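Please look over the sequence and the model before reading on.

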Amino acid sequence: MSIKRALRIVFDRTPDDTIDLFKVFPGLKHFFERRRLHAVLRTVGDVVFAFIILAGLFGPQEPKRNCILYLSWGLWWPTIVLSWFFVGRMWCGFCPFPGAGRLVQSLGLSFNLRVPRFIQKNSPYLSLALLCFIIWIEESTGIKESPRGTALLILSILSGATVTAMLFPKQAWCRYLCPMGRLIGVGSTLSILEFRPDFEKCKTCKTFACKRGTNERSGCPVYLGAFNVRNNLDCLICGHCLSLCDKDSPKLNLRSPFKELLLNKGRFITCSYIIPFLMGSQLVRFYEDSPFLLPWFKQVTGLWAMALYSGLLIVGFIYVFFIIRLGACSFGITEDELFGKFSPMVPILVPMAFAGELAYRLDYAVRHAPEFLPTIARQFHIGSLSYLTFQVPHWTFPIMNIFILASAIGACNYVLFRLAFDEFEGMVPGWRVAIVSGLIFITGLSYICFMIPV
Ligand code: SF4
Ligand code: SF4
Ligand code: SF4
């Protein structure tokens with residue numbers, strides 16, 4: 001693979017071009033096919049996961065004496081968010097949440113019911129509702145300071161995945177209900193990797209083993225099958241279907257991170273409420289640490305704080321929703337001849353939604369990093385580790401956040417220009433593009449104002 005070509009693809013100079021990494025690095029394909037290393041990594045993940053739950057439930061409850069807080073909120077979650085850009089949903093291939101369900105199913109303890117149509121049809125809304133609930137709990141209850149609260153949150157997601165596995169075959173939770181999966185799927189539309197089949201080969205397929213499985217092995221765990229993968233939203237990139245396909249169809253492509261946003265125009269982001277909710281909640285999360293926070297907000301506690309936080313979330317949602325509607329009216333085109341109705345602001349704002357989440361999670365990770373080793377030292381009485389700390393200069397945070405957001409503003413404008421001047425060439429006048437661009441700047445500035453710490 002020529003580095004020059006790879007860079008040209010990633011920087012969108014040749015947007016329709018892709019490189020099949022399975023061809024360039026056959027070892028990568030073996031890694032997915034053989035699944036031995038996969039299993040090892042999964043087991044390591046399961047052990048860490050079990051440690052987080054047990055130490056959270058039964059370990060010390062002071063935040064400075066229990067390292068699971070930083071493991072969960074400072075390492076685990078920010079790493080997943082960062083991985084969206086580089087490897088899409090690949091995290092889902094190693095995720096420990098479905099593990100207990102798989103075990104239950106292998107013991108024959110599942111009812112194997114058909115997933116109700118209601119769940120299939122409304123899956124984006126159901127998973128989004130769960131995501132809203134998790135973010136609300138996370139921010140309004142101070143769970144990030146509570147080891148037990150963190151463990152209980154993880155346990156409740158684990159229970160959801162396990163109970164669903166007891167009712168339905170395979171990983172229905174991952175396909176229809178998982179709030180993290182929904183978020184990871186949307187974030188992964190901006191990934192530089194995509195898992196796709198060779199549609200020409202699939203056209204001649206008679207077995208569809210990637211979805212149906214064979215007598216020896218079951219098919220795709222999320223009822224998809226490689227031939228159905230047209231975006232990064234639902235495929236877990238678990239590689240399970242690789243060894244099921246006898247035509248060597250599945251590929252892992254290096255691509256432009258904007259390819260999916262431009263080609264699909266956000267159409268398959270399924271629930272257009274996820275972008276306003278995510279961005280609205282990010283604005284509220286940043287607002288809580290900003291110099292604009294009303295002083296009396298800090299004095300409100302308990303149920304009143306939860307109610308107040310709910311109100312702020314609604315305001316944040318309405319604000320971004322209003323920008324999206326205004327942007328759609330200004331852009332002037334909401335119909336695509338291929339996809340039908342679409343909201344142009346959804347693909348345009350995806351980079352900012354991704355950047356907002358990344359900035360928020362990295363801010364926590366960097367801010368709390370100096371305390372990680374001393375916390376382990378206190379928890380496990382390892383005196384020597386307590387000296388391994390360092391200082392992060394205060395100016396790091398605004399600079400890091402502003403850099404991430406400024407890049408996102410650039411990326412949003414890029415998607416806007418490509419949609420306006422390439423995809424809908426000659427149909428969107430310059431003044432309309434200027435208004436939408438102005439809205440992008442206003443939204444970005446709202447973030448930047450709230451991001452600057454007190
Ligand atoms: S969809 Fe959710 S539970 Fe399933 S693998 Fe992904 S993060 Fe884990
Ligand atoms: S990926 Fe392979 S098994 Fe699946 S439909 Fe295509 S050719 Fe058939
Ligand atoms: S299509 Fe293949 S890689 Fe994607 S989730 Fe299904 S089995 Fe895994």
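A residue counts as buried when its relative accessible area is under 20%, as exposed when that area is over 50%, and as partly exposed in between. The model described here is predicted.

**Aromatic pairs**

F417 and F421 both belong to helix α19, which covers residues 396-423. They are four residues apart, so about one helical turn separates them. The structure holds 24 aromatic pairs. In the pair made by F417 and F421, the ring centres are 6.0 Å apart and the planes meet at 25°, so this pair is stacked. Elsewhere, ring pairs join W77, W84, F85, F86 and F354 into a cluster.

**The sheet**

Three strands form an open sheet in the order β1-β3-β2, and their pairing is antiparallel. Its edge strands are β1 (19-20) and β2 (193-196), each of which pairs on one side only. Strands of a sheet pair through backbone hydrogen bonds, in a parallel or an antiparallel way. Between β1 and β3 there are two bridges, while β2 and β3 are joined by four bridges. Which residue of β3 is the bridge partner of I19? That partner is L254. L254 is also the bridge partner of L193.

S249 sits in the loop between α12 (209-212) and β3 (251-254). R255 lies in the loop between β3 and α13 (259-264). Is S249 buried or exposed? S249 is buried, because its relative accessible area is 3%. A polar atom of the S249 side chain is 2.9 Å from the backbone nitrogen of D198. Apart from neighbours within four places in sequence, the contacts of S249 are R196, P197, D198, K201 and C202. R255 has a relative accessible area of 0% and is therefore buried. The side chain of R255 reaches the backbone oxygen of T189 at a distance of 3.1 Å.

The table lists relative accessible areas for residues discussed in this report.

| Residue | Relative accessible area | Class |
|---|---|---|
| S249 | 3% | buried |
| R255 | 0% | buried |
| A353 | 3% | buried |

How many of the nine residues of helix α10 are buried? In this helix, residues 179-187, nine of nine are buried. Among them are P179, M180, R182 and L183. The buried residues of α10 pack against several helices: α5 (68-87), α7 (117-140), α8 (147-167), α9 (172-177), α14 (274-287) and α17 (345-368).

Helix α17 holds A353. A353 is buried, since its relative accessible area is 3%. Along the chain, A353 and P276 are 77 residues apart, and their C-alpha atoms are separated by 8.6 Å. Leaving out residues up to four places away in sequence, A353 touches I275, L278, M279 and Q282.

**Surroundings of the ligands**

The residues around ligand 1 are R89, W91, C92, C95, F97, W173, C174, C178 and G181. This shell divides into seven nonpolar residues, one polar residue and one charged residue. G181 belongs to the shell of ligand 1 and is also one of the buried residues of α10.

Ligand 3 has 14 residues around it, and those that come nearest are C220, C235, L236, C238 and C241. How many residues of each kind make up the shell around ligand 3? The count is eleven nonpolar, three polar and no charged.

Notes: Residues are numbered from 1 along each chain as its sequence is written. Chains are lettered from A and ligands numbered from 1 in the order in which they are written. This is a predicted model: local features need pLDDT of at least 70, side-chain atom pairs count only at pLDDT 80 or more; totals for chains, interfaces and linings use all residues. Side-chain values use heavy atoms; hydrogens and water are left out. A residue is near a molecule or strand if one of its heavy atoms lies within 4 Å of it. Ala, Val, Leu, Ile, Met, Phe, Trp, Tyr, Cys and Pro count as nonpolar, Asp, Glu, Lys and Arg as charged, and the others, Gly among them, as polar. Buried means under 20% relative accessible area, exposed over 50%, partly exposed in between (1.4 Å probe, protein chains only). A polar contact is a pair of N or O atoms within 3.5 Å; within protein, one must be able to donate a hydrogen and the other to accept it, and residues adjacent in sequence count only if both atoms are side-chain atoms. Contact means heavy atoms within 4.5 Å. Two strands pair if DSSP finds at least two bridges between them. Rings of Phe, Tyr and Trp (its six-membered ring) pair if their centres lie within 6.5 Å; planes under 30 degrees apart count as stacked, over 60 as edge-to-face and the rest as tilted.
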